[in-house]
Amino acid sequence: MIICMIRHYFCLNYKKWFYTFAVLFILGILLKYIAPGDCIPKGAPLVFWDYLFIYFSYPLVMILVIPIIYCYLIGDIFTRDCEGGYIEFFLSRISNRITYFISKVAIVYITSNLLFLCCIVNIIIISFIYNLPFNGKNYYDVVIYSIKSGNNMITTLVIQYGLFVLTLSALGLFILTISLIFNNSFYSFIGVGLLVVQGDLAVFDDQSKMFFSPIAQGILAEHPPFLPYRTLTSGKLDLTFQSFTVIYSIKFLGLMLLLFFVIGCFKIRNMNISRKG
């Protein structure tokens with residue numbers, strides 16, 4: 001029955017995925033022109049691996065576009081069932097409400113992976129359109145420090161994949177839990193908007209807040225050893241962020257996933273889901 005509910009989601013939302021792919025493609029085209037000036041030396045040639053990791057670390061993409069697109073894709077996965085009367089149909093054919101909630105968690109995990117795949121496919125298409133070389137001198141910090149630390153590009157891409165999927169999965173459970181609490185997807189968009197603002201402030205204003213920003217956890221370029229240490233006015237290295245590691249982000253996002261899963265299970269068991277939001 002869980003597979004049936006997952007299929008039901010894609011039957012209702014397949015057009016959203018076509019629109020999403022188109023928006024990501026346009027974003028990738030724009031990024032090819034606006035991002036290199038901020039991320040690599042002026043006039044330096046752009047190679048495939050630099051472009052790929054710039055895409056997944058550029059603030060416009062990871063702080064603003066991806067969270068909003070993801071909320072657009074799954075923001076109504078619960079409320080639409082209520083409004084369309086599907087929820088009574090599903091609950092009459094499964095053993096308990098927790099199974100229904102788990103089906104929504106599965107959708108969150110599947111869609112976060114699928115969105116990553118959409119990004120990768122767009123990056124590859126655009127790299128072929130502009131004939132970006134796969135080999136060449138790299139200038140982007142993530143790639144340079146990845147090579148210095150002994151990682152190959154595939155290993156670094158796997159790390160980026162893990163951060164991306166965990167970030168979106170945590171965001172997805174946050175969206176789902178807010179929908180359950182208020183029985184209204186509008187509040188999910190408000191919640192995501194607040195997280196976007198907090199992520200923007202954390203990255204551009206007070207970077208000590210990145211430790212507590214769910215969205216900032218997904219930006220690989222903000223994690224050592226993939227960035228150069230900042231220097232204080234005294235000339236000494238700023239070691240404040242040396243603990244903002246990939247492992248820290250995995251633990252932070254894992255805790256978020258566990259917290260919202262428990263809250264969601266508790267809420268779905270006790271709420272009156274027959275009412276319309």
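## Two asparagines with positive phi

Asn183 is placed in the loop between helix 9 (153–182) and helix 10, where helices (H or I, at least four residues) and strands (E, at least two) are DSSP runs numbered from the N terminus. The phi of Asn183 is near 50 degrees, a positive value in a residue other than glycine, and Asn183 is buried, with a relative accessible area of 1%; here buried means under 20% relative accessible area, exposed over 50%, and partly exposed in between, with a 1.4 Å probe and protein chains only. This is a predicted model, in which local features need pLDDT of at least 70 and side-chain atom pairs count only at pLDDT 80 or more, while totals for chains, interfaces and linings use all residues. Residues are numbered from 1 along each chain as its sequence is written, and side-chain values use heavy atoms, with hydrogens and water left out.

Asn131, found in the loop between helix 7 and helix 8 (141–148), also has a positive phi, near 55 degrees. Asn131 counts as exposed, at 64% relative accessibility.

Helix 7 covers residues 97–129, and its 33 residues reach 48 Å from the first C-alpha to the last, close to the 48 Å expected at 1.5 Å a residue; the expected span is 1.5 Å times one less than the number of residues. At the N-terminal end the helix is capped by Asn96, which places a side-chain oxygen 3.0 Å from the backbone nitrogen of Ile98. Asn131, with its positive phi, follows helix 7.

Within helix 7 lies Lys104, which is buried, with a relative accessible area of 3%. Leaving aside neighbours within four places in sequence, Lys104 is in contact (heavy atoms within 4.5 Å) with Ile77, Asp81 and Leu176.

## The covered helix 3

Helix 3 (residues 48–57) is mostly covered, with ten of its ten residues buried. Among these buried residues are Phe48, Trp49, Tyr51, Phe53, Tyr55 and Phe56, together with Asp50 and Ser57. The buried residues of helix 3 pack against helix 1, helix 2, helix 4, helix 7, helix 8 and helix 9.

A polar atom of the Gln217 side chain lies 2.9 Å from the backbone oxygen of Ser213.

Not counting residues up to four places away in sequence, Gln217 touches a set of residues that includes Leu163, Thr167, Met210, Phe211, Phe212 and His223. Phe244, Tyr248, Ser249, Phe252 and Leu253 are also among the residues that Gln217 touches.

Gly254 has its place in helix 11 and counts as partly exposed, at 29% relative accessibility. Gly254 and Lys267 are 13 residues apart in sequence and 20 Å apart in space, C-alpha to C-alpha.

Ile263 lies in helix 11 (residues 246–270) as well, and Ile263 is partly exposed, with a relative accessible area of 32%. The C-alpha atoms of Ile263 and Leu31 are separated by 38 Å, the two residues being 232 residues apart along the chain.

On a 1 Å grid over the protein atoms alone, a cavity is a set of points where a 1.4 Å probe fits but cannot get out, whereas a pocket is an open set with protein on both sides within 12 Å along at least five of seven lines; lining residues have an atom within 4 Å of a point. Grid points are joined across faces, edges and corners, and a volume is the space filled by probe spheres set on the points. The structure holds three cavities of 30 Å³ or more, and about 70 Å³ of space lies in the largest cavity. Its lining includes His8, Tyr9, Asp76, Arg80, Asp81 and Lys104, and helix 1 gives the largest share of that lining, five residues.

About 360 Å³ of space lies in the largest pocket. Of the 16 residues that line this pocket, the closest to its centre are Asp38, Cys39, Tyr140, Ala221 and Glu222. Helix 2 (36–39), helix 4 (59–74) and helix 10 (186–204) are the elements that give two or more residues to the lining of the largest pocket.

Technical notes: A polar contact is a pair of N or O atoms within 3.5 Å; within protein, one must be able to donate a hydrogen and the other to accept it, and residues adjacent in sequence count only if both atoms are side-chain atoms.
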